[in-house]
Amino acid sequence: MFGKIKYRNLIEACIRRAASRNGIKIIEIDVQPEHVHCVVEVSFSISVLKVLQLLKRGSSKLFFQFHERERLKYPKGKD
């Protein structure tokens, strides 16, 4: 999915924005062609699962707003 550098840059920006909206501080992020590594800082009141949900859902929604045609590759996903 992120083989193109423009997609890598965009998804990084989308992840950062989703994190900012949810009070998640990104310490380090590395976008690879097949996956993303991310080190974050959150309060103890939020679970790891919730952090993942917030970042994945928020960033994918933003990403597909910019690239609607890419959304067609993932027909079973949620918006």
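This is a predicted model: local features need pLDDT of at least 70, side-chain atom pairs count only at pLDDT 80 or more; totals for chains, interfaces and linings use all residues.
The side chains of E12 and R16 form a salt bridge, with 3.2 Å from N to O. Side chains of opposite charge can pair when their charged atoms come close.

Why can E12 and R16 reach each other? Both sit in helix α1, residues 5–21, four residues apart, so they are separated by about one helical turn. An α-helix has 3.6 residues a turn, so residues three or four places apart point the same way. How many salt bridges does the whole structure hold? A search finds one.

Now the overall layout. The protein chain has two helices and two strands, and along the sequence they run in the pattern α-β-β-α. Of the 79 residues in the chain, 27% are buried. The chain exposes about 6100 Å², and carbon and sulfur atoms supply 54% of that area. Take the contacts between residues at least 6 apart in sequence: 46% of them join residues at least 24 apart.

A word on confidence. The chain averages a pLDDT of 85, and 82% of the residues score at least 70. Where is confidence lowest and where is it highest? The lowest is α2, with a mean of 90, and the highest is β1, at 95.

Back to α1, this time for its length. Its 17 residues, at 1.5 Å a residue, should span 24 Å, and the end C-alpha atoms are 24 Å apart, so the two values agree. The buried residues of this helix are Y7, L10, I11, C14, I15, A18 and A19. What covers them includes β1, β2 and α2. After α1 comes G23, whose phi is positive, near 70°.

The other helix, α2, takes in residues 48–66, and its 19 residues should span 27 Å at 1.5 Å each; the C-alpha atoms at its ends are 27 Å apart, which agrees. Which residues of α2 are buried? They are V51, L54, L55, S59, L62, F63 and F64. These buried residues pack against α1 and against β2, residues 36–41.

In soluble globular proteins, nonpolar side chains tend to be buried together. The largest nonpolar core here has 18 residues, and those touching the most other members are F2, I11, C14, I15, I24, L55 and F63. The elements giving two or more residues to this core are α1, β1 (25–31) and α2. α1 gives the most, with seven residues.

F63 lies in helix α2. Is F63 buried or exposed? It counts as buried because its relative accessibility is 2%, and the cut-off for buried is under 20%. F63 and Y7 are 56 residues apart in sequence, yet their C-alpha atoms are 8.6 Å apart in space.

The other one is F2. Which residues does F2 contact, leaving aside its neighbours within four places in sequence? They are Y7, R8, I11, V31, Q32, P33, V36 and F63. So F63 turns up again, as a contact of F2 and as a buried residue, at 2% relative accessibility.

To sum up: the chain follows α-β-β-α, the search finds one salt bridge, and it joins E12 to R16. The largest nonpolar core has 18 residues, with α1 giving the most. That is the end of the talk.

Notes. Residues are numbered from 1 along each chain as its sequence is written. Side-chain values use heavy atoms; hydrogens and water are left out. A salt bridge is a side-chain nitrogen of Lys or Arg within 4 Å of a carboxyl oxygen of Asp or Glu. The expected span of a helix is 1.5 Å times one less than its number of residues. Buried means under 20% relative accessible area, exposed over 50%, partly exposed in between (1.4 Å probe, protein chains only). Contact means heavy atoms within 4.5 Å. A nonpolar core is a set of buried Ala, Val, Leu, Ile, Met, Phe, Trp, Tyr and Cys residues joined through side-chain atoms within 4.5 Å. pLDDT is the predictor's confidence in each residue, from 0 to 100. Accessible areas come from the Shrake-Rupley method with a 1.4 Å probe; for residues, only the protein chains shown count as cover.
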